[in-house]
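Subject: Handover of a structure, with findings

Dear colleague,

Please find below the sequence and structure that I am handing over to you. My findings follow directly after it.

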Amino acid sequence: MFAFCEDPSSIDGLTWLACYLTTGKHFDFYWSFITVLTLLAITAPVALAFGFAGAVAARSQFLPLRLLGQGYVAMVRGVPDIVFFLFFVIALDQGIEWLVHQARCPDWTEPIRNGLEFRVCPEAKVPSSRAPQTLHQLYGFGLAVVTFAIVFGAFAANVLYGAMRAVPRAQIETGEAYGMTSGQTFRRILVPQMWVYALPGLSNLWMILIKATPLLFLLGVQDIVYWARELGGTKTSAYAYPHPDWRVWYFLGLLVFYLLMTAVSERVMARLSARLSHGQATLAGETQRKAGR
Amino acid sequence: MRNLILTTAALALASTAALAQDTVRMGTEGAYPPYNFINDNGQVDGFERELGDELCARAELTCEWVTNDWDSIIPNLQSGNYDTIIAGMSITEERDKVIDFTQDYYPPTASAYVAAAEDADLSGVIAAQTATIQAGYVAETGATLLEFATPDETIAAVRNGEADAVFADYDYLAPLVEESGGALMFVGDRVPLGGGVGMGLRESDTELRDKFNAAIDAMKADGSLNELLVKWFGEEVQTYPVDGGDSGK
């Protein structure tokens, strides 16, 4: 990056450090923070949507839908994350390729499953093997978002399901007394009031999601933990910047990052909670009313 | 005008022809210097990078490098995420049952123990990387096997006293011992393991395997493979006889 970094073996001290911290590899590391933040920003709302759909399905009057919702929640919550990430992603990836294969290569005669091998026709590869590596990475990232959303959606569904049941019956009854249909009470009374009950559970999930991002590496997405381990490991003179085992410093950096994330999240959650309690028939809402806010 | 259209059409055809040539995705670990590692620019580098690029050039293939965790490197080959494994993988009977190998491009070598003290107990706790021939060997010797996902962590385990010694490929260990300033040393005898290092491919990819085999043959015959071996592993490395013989097999 800097001109004086031409020959790393001839410099030392702070100059060396400045060059070291600005290598291409370190920029990959810095970028991975953005990858993780982007993943969180996309996954959280998608997971919430999955959770909402799951909760609505689980309390549906219609039996098949109810079974589907309850089955989704029970199954995904019961499978360890790591198993889910290893199995489901490969299954999803192969499932997509199988579908594309059926559409594009109807004349393909060779077996798709050949022992442990999975072979679709070259046109059905997703993404195409000719595609640039960035596209492959983007695809891996997409798979990660879907997988995270399904896993965390199941937990969110359970939280929202509980929250929906926690809204006092009297509130719904009032709505019914005004002649609202069940759909109207759901939209106008239940959903706006349930968030305050769901928030503690959802904030737990958010914290767990922040810390679950190292699972990304299982999906081939190189996240901050991967880079910290890779950069911190002992470097022999095969590398331009040899150094001993520095993992402890890199992981210390990650610790600061995660603590900052937690601190910011706590603050946002506290404000959100105060806001959602406003005018609610809860203890917090009652306290706010008495304080005249 | 017509000329212009014709030229454009010809160019378009030429570019599709270029695109139609298949890209071979080369899967490697990127954590095993000097075989393969990620250099300071974030690119795959090392003996296998240089060798792989040369093989691809000789076989007239377009190659792209992909890194993958060692643990899942075989399953991901089988499900088609990349087309070859070129990651210092020794040819063994067990692996040969699930994937195919080219001929070896690195002669059968020795593995060795490295410890922090001369009197290390080699039947005590021995660190090795998961799913390697070295891990298999340690399990057979009756020592307590301590497995790690990356080779770097096995060395760290010896440095911090978690393991009595690490058992790994000699050529991987040599630079680490040399540059440790006396903190690490070879102990015990070297153990010859494995049938040399080859490229792993899907069993159904026989055509690709033949192309790489031919390219490796050519590189063995003209001595360019030996040059690469010496460049990355030093003068001591075992090389191939240049007359085209195949002692490695």
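In which loop of chain B is Glu60(B) found? Glu60(B) is in the loop between α2 (47–58) and β5 (62–67) of chain B; helices (H or I, at least four residues) and strands (E, at least two) are DSSP runs, numbered from the N terminus. Before going further, please note that this is a predicted model, in which local features need pLDDT of at least 70 and side-chain atom pairs count only at pLDDT 80 or more, while totals for chains, interfaces and linings use all residues. Residues are numbered from 1 along each chain as its sequence is written, and chains are lettered from A and ligands numbered from 1 in the order in which they are written.

Backbone features

Glu60(B) has a phi near 55 degrees, a positive value in a residue other than glycine. With 9 C-beta neighbours inside 10 Å, Glu60(B) counts as exposed. Here a residue is buried if 20 or more other C-beta atoms lie within 10 Å of its own, exposed if 12 or fewer, and partly exposed in between, with C-beta atoms placed from the backbone. Ala131(B), a residue other than glycine, has a positive phi near 60 degrees. Ala131(B) is found in the loop between β9 (125–129) and α5 (133–141) of chain B, and is partly exposed, with 16 other C-beta atoms within 10 Å.

There are also cis peptide bonds to report. One joins Val126(A) and Pro127(A), with omega about -15 degrees; Pro127(A) lies in the loop between β2 (117–118) and α5 (133–166) of chain A. In chain B, a cis peptide bond joins Pro33(B) and Pro34(B), with omega about 0 degrees, and Pro34(B) is found in the loop between β2 (31–32) and β3 (36–38).

Domains of chain B

Chain B is divided into domain 1 (22–108 + 195–233) and domain 2 (110–193); the bounds come from an automatic or database domain assignment. The centres of the two domains, taken over C-alpha atoms, are separated by 24 Å. Nine residues from domain 1 and 13 residues from domain 2 take part in the contact between them, where two residues are in contact if their C-beta atoms, placed from the backbone, lie within 7 Å. On the side of domain 1 that touches domain 2 there are six nonpolar, two polar and one charged residues. In this classification, Ala, Val, Leu, Ile, Met, Phe, Trp, Tyr, Cys and Pro count as nonpolar, Asp, Glu, Lys and Arg as charged, and the others, Gly among them, as polar.

Sheets of chain B

Five strands form an open sheet of mixed pairing in the order β10-β9-β11-β8-β12; two strands pair if DSSP finds at least two bridges between them. At the edges stand β10 (144–148) and β12 (185–193), each with a single partner strand, so one side of each is left without a neighbour in the sheet. From one strand to the next, the twist averages 30 degrees. β9(B) and β11 (residues 165–169) pair in the parallel sense over two bridges, and Ala127(B) stands opposite Val166(B) in β11(B). Helix α6 (residues 151–159) packs on the sheet, touching β8 (109–115), β9, β10 and β11, and its direction makes about 150 degrees with that of β11(B). Axes are lines fitted to C-alpha atoms, for helices over the stretch in contact, and angles run from 0 to 180 degrees between N-to-C directions. Helix α7 (residues 170–178) also packs on the sheet, touching β8, β11 and β12, with its direction at about 40 degrees to that of β8(B).

An open sheet of five strands, also with mixed pairing, has the order β5-β1-β6-β13-β7. Its edge strands are β5 and β7 (100–106), each pairing on one side only. Strands β6 (residues 84–85) and β13 (residues 197–201) run antiparallel and are joined by two bridges; Ile85(B) stands opposite Gly200(B) in β13(B).

The two chains

Contacts between the chains involve 28 residues of chain A and 31 residues of chain B. On the chain A side, the elements that give two or more residues are α2 (24–58), α4 (81–104) and β2. The largest share of that side, three residues, comes from α2(A).

Yours sincerely,
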